Amino acid sequence: LQIVLFGQPELDDLLRDKSIRQLRQRITFSYQLKPLSNREVGHYLQHRLHIAGSGREPIFTRAAGAALYYYSHGIPRLINILAHKAMLSAYGTGTRHIHCKQVQLAASDTDETRKMLPVFAVSTWTTGLALLSAVTIIIWRLLQV
C-alpha cells in the first residue's frame, strides 16, 4: 500500500510531531514547491489562461502581473485566488483587461494578503464601502415614505 500526501506547509509542521514519528519515517519522497518568481507568475498566468481557452492577447497588464506577484509572494494558490477575484471584478465592470486596481481590490478581499495593502488602497476601499452604505440607507428610507 502506497499513500500520497499533498498539503499546505502546515502539514510539514504536523509531521514533525514526535507522536507520529513512525509515519514520518515511512515517507520515502518529499518535495516542497517553492514560490514562483515575478517572471514565472506571468508565464503561469498565461499558461492557465491558455488552457482555459483564452486567446493569445494578454488579459493581465504587466502592472497587474507585478501586483499579483507582490500580494501572493509567488504562491500559486494565492495567485489563483487573486487572479480569479480580479477577473470577476473586471467582468463586473465590463473591463476586458485586468489592471493593478482589480488586483488591489482582490487583495483587499483576501485575508492572506489584506495586511500587505498600501494604506491608500484600504482607505479608498473603506471610503467607497461607506459611501455605498450611506446611499443604500438613503434609498431605503426614501422608499419607506
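Tutor: Tyr69 lies in helix H4. The model is predicted. Let us start with this residue.

Student: Why is Tyr69 called partly exposed?

Tutor: The relative accessible area of Tyr69 is 31%. Buried means under 20%, and exposed means over 50%. The value for Tyr69 falls in between, so Tyr69 is partly exposed.

Student: What does Tyr69 touch, leaving out residues up to four places away in sequence?

Tutor: Tyr69 touches Leu36, Ser37, Asn38, Val41 and Gly74. Take Val41, which is 28 residues from Tyr69 along the chain. The C-alpha atoms of Tyr69 and Val41 are separated by 6.4 Å.

Student: What share of the protein's contacts with a separation of 6 or more comes from residues 24 or more positions apart?

Tutor: Such residues account for 56% of those contacts.

Student: How do you know which kinds of element the protein has?

Tutor: Count them: there are 8 helices and 0 strands. Along the sequence the pattern reads α-α-α-α-α-α-α-α.

Student: How are two packed helices described?

Tutor: By the angle between their axes and the distance between the axes.

Student: Then why are H4 and H6 called roughly parallel?

Tutor: H4 spans residues 62-72, and H6 spans residues 100-108. Their axes cross at roughly 20 degrees and come within 8 Å. Angles under 35 degrees count as roughly parallel. The angle of H4 and H6 meets that cut-off, so the pair is roughly parallel.

Student: Which residues make the contact of H4 with H6?

Tutor: H4 brings Ala63, Ala64, Ala67, Leu68 and Tyr71. From H6 come Cys100, Val103, Gln104 and Ala107. By type, 8 of these residues are nonpolar, 1 is polar and none is charged.

Student: What is the handedness of this crossing?

Tutor: H4 passes H6 in a right-handed crossing.

Student: Which way does H4 pass H5, left-handed or right-handed?

Tutor: The crossing of H4 with H5 is right-handed. Leu68, Tyr71 and Ser72 of H4 meet Leu78, Ile79, Leu82 and Ala83 of H5. That contact holds 6 nonpolar residues, 1 polar residue and no charged ones.

Student: What makes the phi of His73 worth noting?

Tutor: Phi of His73 is near 60 degrees. That is a positive value in a residue other than glycine. His73 sits in the loop between H4 and helix H5, which covers 76-93.

Student: Why does His73 count as partly exposed?

Tutor: The relative accessible area of His73 is 47%. Exposed means over 50% and buried means under 20%.

Student: Why is Ser108 called buried?

Tutor: Ser108 is in helix H6. The relative accessibility of Ser108 is 8%. The cut-off for buried is under 20%, so Ser108 counts as buried. Of the protein's 145 residues, 23% count as buried.

Student: How do you know that Ser108 makes a polar contact with Leu105?

Tutor: The side chain of Ser108 reaches the backbone oxygen of Leu105 at 2.7 Å. A polar contact needs N or O atoms within 3.5 Å. The distance for Ser108 and Leu105 meets that limit.

Terms used
Residues are numbered from 1 along each chain as its sequence is written. This is a predicted model: local features need pLDDT of at least 70, side-chain atom pairs count only at pLDDT 80 or more; totals for chains, interfaces and linings use all residues. Side-chain values use heavy atoms; hydrogens and water are left out. Helices (H or I, at least four residues) and strands (E, at least two) are DSSP runs, numbered from the N terminus. Buried means under 20% relative accessible area, exposed over 50%, partly exposed in between (1.4 Å probe, protein chains only). A polar contact is a pair of N or O atoms within 3.5 Å; within protein, one must be able to donate a hydrogen and the other to accept it, and residues adjacent in sequence count only if both atoms are side-chain atoms. Axes are lines fitted to C-alpha atoms, for helices over the stretch in contact, and angles run from 0 to 180 degrees between N-to-C directions. Angles under 35 degrees count as roughly parallel, over 145 as roughly antiparallel, 65 to 115 as roughly perpendicular and the rest as oblique. A crossing is left-handed if the near helix is turned anticlockwise from the far one by less than a right angle, and right-handed if clockwise. Contact means heavy atoms within 4.5 Å. Ala, Val, Leu, Ile, Met, Phe, Trp, Tyr, Cys and Pro count as nonpolar, Asp, Glu, Lys and Arg as charged, and the others, Gly among them, as polar.
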